[in-house]
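Hi everyone, thanks for making time today. I'd like to walk you through a structure that may be new to you, so please have a look at the screen.

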Amino acid sequence: MGEDGGKFSSFAMEREPEVSSLPSTPQNNHSIPPSVARSPRRMMLSPMGTPMRKAFGNMKCYLEEIGHIAKLNPQDAWLPITESRNGNAYYSAFHNLNAGIGFQCLLLPVAFSFLGWFWGVLALVVAFLWQLYTLWILIKLHEVIPGRRYNRYIELAQAAFGERLGSWLTSFPIISLSAGTAGGLIAIGGSTLHLFYNLVCIKCHGQSLTAIEWYLVFAVLCAIIAQLPNLNSVAGVSLIGAVMAVAYSTMIWILSVTRDRPPGVSYDVAKPYSSVGAAFSFLNALGVIAFAFRGHNLALEIQATMPSTLKHPAYVPMWRGSKAAYTLVAICYFPLAIGGYWAYGKLMLPTGILTSMFVFHRSDISPAWLATCFLFVVVSSLSNFQIYSMPTFDLVEQTYTANTNKPCPKLHRFVFRLLFVFFGFFVGIAFPFMASFGGLLGGVCSVPVTFCYPCFMWLKIKKPPKLSFSWYLNWTLGILSVVFTIVVTIGGIWSIVDTGLKFQFFKPQ
């Protein structure tokens with residue numbers, strides 16, 4: 001009986017593949033005509049049809065896993081942001097670190113000279129944690145709807161606030177951060193290149209180039225590197241720029257705190273001639289700190305360069321790389337701000353710690369160290385220029401491809417990018433004091449993009465339950481950031497009006 005039972009079980013297992021939702025195959029095959037037995041329908045009902053059905057089911061699961069069911073915009077394959085999607089966590093770290101550390105960090109000790117120790121450290125800690133939270137929001141909202149990727153900051157704003165309002169709210173700060181940063185970088189890069197030449201060519205014969213000519217040299221270098229086609233192609237440039245940024249920001253504060261402090265250093269808050277002026281200077285300093293945390297306008301664009309599937313979404317490597325990058329940002333920012341303020345106090349020059357170090361310690365710091373530091377700043381500025389210009393390059397080509405329904409030719413791309421670089425060159429020589437706009441740029445551009453809009457985007461798209469922790473948190477941060485935007489912008493405008501007569505247009509030094 002056991003042997004017969006075993007045979008029966010073996011027979012049943014051999015017949016198992018025929019069990020399906022379709023009608024079972026009759027067992028008396030001899031009663032079926034040969035023409036019917038060989039028909040396609042019979043083949044699909046036979047055991048041979050079962051692997052085919054499994055193959056179709058597996059293909060469907062595979063497509064769902066890799067995300068090919070997602071709706072793709074064919075135009076994305078032609079644009080610099082989304083043309084290449086082979087990014088990873090390392091690319092995320094390189095790009096975020098390159099975008100996060102730039103010339104704006106050199107102004108942090110200037111903000112401390114108006115805020116003092118307590119308010120300066122408190123503002124820096126709060127701003128860092130706040131922007132880290134809003135960065136997490138942007139990364140999570142990139143693929144908040146399965147099968148839909150918001151590849152650009154403006155696209156996410158349009159999805160949250162409506163097409164017209166979203167575009168109106170974000171277009172100006174995004175373009176200002178791109179074009180304004182380009183002009184500021186050319187001014188910083190050209191003037192630092194001039195200082196580097198003066199240090200390494202002390203005994204060089206002949207007349208040196210003028211300041212405008214050094215700006216032009218830096219702009220030409222930017223134009224050459226700007227011909228790299230897409231955002232992923234500048235990953236190596238971002239890596240070099242990130243290394244240079246970490247190196248020079250560390251060198252500056254170490255060189256400053258290891259030398260004797262200049263005579264007369266004190267930590268009394270720099271007070272203008274009136275209480276109103278003191279209040280506006282305080283607000284302008286907060287704007288400078290806000291401006292230091294830029295880069296959120298590039299978060300979605302960086303994440304768009306990564307492959308994404310429903311099983312392996314892009315936010316995982318993006319967040320992993322971002323955490324590594326902003327850990328290094330904190331390691332650079334806090335010692336630079338605190339050490340710079342300790343070294344120079346209220347003697348800190350308005351142009352930042354780099355100029356202050358050169359003015360106060362030129363005689364007791366080796367020219368080789370100074371030249372190395374200046375060279376690192378130049379290389380970092382070149383790298384910053386590429387990643388901050390990419391959204392503008394993408395916008396121009398997006399307009400072209402939408403109107404022509406074809407990819408942008410290489411000649412057109414070359415001309416567009418060349419024109420943008422020399423527009424930045426014009427801005428750099430017209431406003432060589434761009435660094436003094438830190439507070440205003442922070443209020444107009446950085447605060448809305450970095451601190452304000454992401455909170456309201458989360459409320460509009462995710463719709464957390466009312467009176468929940470997420471609901472309270474984002475409404476509180478959103479309202480505070482709106483107030484912060486208004487008062488910091490007023491403080492930045494006052495700072496420009498108060499010192500406007502000292503600005504020299506079209507006269508770079």
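**Salt bridges and the helices around them**

Now let me step back for a moment. What you see is a predicted model. The protein chain has 18 helices and zero strands. Of its 509 residues, 49% count as buried.

How many salt bridges does a search of the whole structure find? The count is seven. Another of them joins the side chains of R152 and D394, at 2.6 Å from N to O. Here the two partners are 242 residues apart: R152 sits in the loop between α6 (108-141) and α7, while D394 belongs to helix α15 (residues 367-404). R152 and D394 are buried too.

Let's look at E155, which lies in helix α7 (residues 153-161). Is E155 buried or exposed? Its relative accessibility is 18%, so E155 counts as buried. Leaving aside residues up to four places away in sequence, E155 touches R148, R149, Y150 and Q398.

One of those neighbours, R149, brings me to my last pair: the side chains of R149 and E143 meet in a salt bridge, 3.9 Å from N to O. R149 is buried, with a relative accessible area of 16%, and E143 counts as buried at 18% relative accessibility.

Terms used. Residues numbered from 1 in each chain as written. Predicted model: local features only at pLDDT ≥ 70, side-chain atom pairs only at ≥ 80, totals over all residues. Heavy atoms only, no water. Helix = DSSP H or I, 4+ residues; strand = E, 2+ residues; numbered from the N terminus. Buried < 20%, exposed > 50% of the residue type's maximum accessible area, 1.4 Å probe, protein only. Contact = heavy atoms within 4.5 Å. Salt bridge = Lys/Arg side-chain N within 4 Å of Asp/Glu carboxyl O.
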